[in-house]
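Hi,

Here is the structure I promised to pass along.

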Amino acid sequence: MKTDNPVLSVKGLKTSFAVGKQRLQAVNDVSFDVHAGRTLCIVGESGCGKSVTAHSLLQLLPPNGRIDGGEAIYFKDNAAVDILKLPPKSAKLRALREKEIGMVFQDPMSSLNPVYRVGDQVMEKILRHKLISRKEARAKVVDLLSQLNIPEPAARFDDYPHQLSGGMKQRIMIAIAIINDPLLLIADEPTTALDVTIQAQILQILRNIQRDRNTGVILITHNMGIVAEIADDIAVMYMGRIVERGSVRQVFTRPAHPYTQALMNSVPVLGINRGERLKSIRGVTPDPLALPAGCAFAPRCDYATAQCAQGHPGKTELEAGHCAYCFACGKGGARV
């Protein structure tokens, strides 16, 4: 259930990377809220800035990355902290990463330490933040592995990562992320490289976490089918900017931005575009080091005008909770 106060409020986030002597603006003026018990899906093509946004929120950027502006206010117990203002090596930021905000990374194959038993990797996070014995911690981990539908959890505790399938590794990554009952869970493409059946199981686990623990979830994905299945709220990204935000009902039934419409028309979504011919998005994404001065989607847009090439469009409020960044929205161009 959505609450008035968010768990996380992101305003004007900007992130760039050094590429030779240039700076690549990977995330530009991104804003959104995440509420307890709801899932926000950030969706868009590969390279649009989804994962960089997620990593920026926890200051997990590579050495050539830099947060240039914005804020990410995390709320707990009537207190608020701007995560982006915390010193990178501070104990407070480390505690937030390990206890308050869980992160499920895209590739469990490389995220787990191959020389440690998987149960110990989950248990390590408990022992750093709770005054309990190793026996009690082990029992808590085994119970959680059981909740995540891992067969024979007591035996799997002592396995090494190479002994587990991709789906089992992803469950271990989820266990590491939620073992300390975080208020916010960030999942970066958690079903990548998994077969359809295992994808469905992982998504069901995430739904259960959201429902049973009232956790706020940010799910990063390029798959509109996953969005339709799990999202409460949607933020559509293109070339580092959010171009449309709204509830899943608003965005799927009344997509306003031409890019959102193009995404919806280019992939099959159960119950949404049945019987319609799928369409490709014409053109290619622009060079991120040489973005057009105006709307980055203008060269591929059927509604583009001269105005679109001159400056980036401001926010158009379509209805409560639903907005888009497009000159054409509501003016006879893109449908609303």
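Ring pairs tie Y238, Y259 and F297 together into a cluster. Please keep in mind that this is a predicted model. The structure has three aromatic pairs, and two that involve F297 are described here.

In the pair of Y238 and F297, the ring centres are 5.2 Å apart and the planes make an angle of 85 degrees, an edge-to-face arrangement. This pair connects distant parts of the chain: Y238 belongs to strand 9 (residues 233-238), while F297 lies in the loop between helix 11 (258-266) and strand 11 (316-319), 59 residues apart. Y238 and F297 are buried.

Y259 and F297 have ring centres 5.3 Å apart with 65 degrees between their planes, so this pair is edge-to-face as well. Here, too, distant parts of the chain are linked, with Y259 in helix 11 and F297 in the loop that runs between helix 11 and strand 11, 38 residues apart. Y259 is buried, as is F297.

Now for the chain as a whole. It contains eleven helices and twelve strands. Its radius of gyration is 21 Å, close to the 20 Å from the globule rule for 336 residues, so the chain is as compact as a globular protein of that length. Of the 336 residues, 51% are buried. Taking contacts between residues at least 6 apart in sequence, 63% join residues at least 24 apart.

On the charge side, there are 41 positive and 32 negative charges, and their mean positions are 3 Å apart. The chain exposes about 15900 Å², with 52% of that supplied by carbon and sulfur atoms.

Best wishes

Terms used:
Residues numbered from 1 in each chain as written. Predicted model: local features only at pLDDT ≥ 70, side-chain atom pairs only at ≥ 80, totals over all residues. Heavy atoms only, no water. Helix = DSSP H or I, 4+ residues; strand = E, 2+ residues; numbered from the N terminus. Rg over C-alpha atoms; globule rule 2.2 N^0.38 Å. Buried < 20%, exposed > 50% of the residue type's maximum accessible area, 1.4 Å probe, protein only. Contact = heavy atoms within 4.5 Å. Areas by Shrake-Rupley, 256 points an atom, 1.4 Å probe, with all protein chains shown as cover. Lys, Arg positive; Asp, Glu negative; His and termini not counted. Charge placed at Lys NZ, Arg CZ, Asp CG, Glu CD. Phe/Tyr/Trp six-rings, centres within 6.5 Å; stacked < 30°, edge-to-face > 60°.
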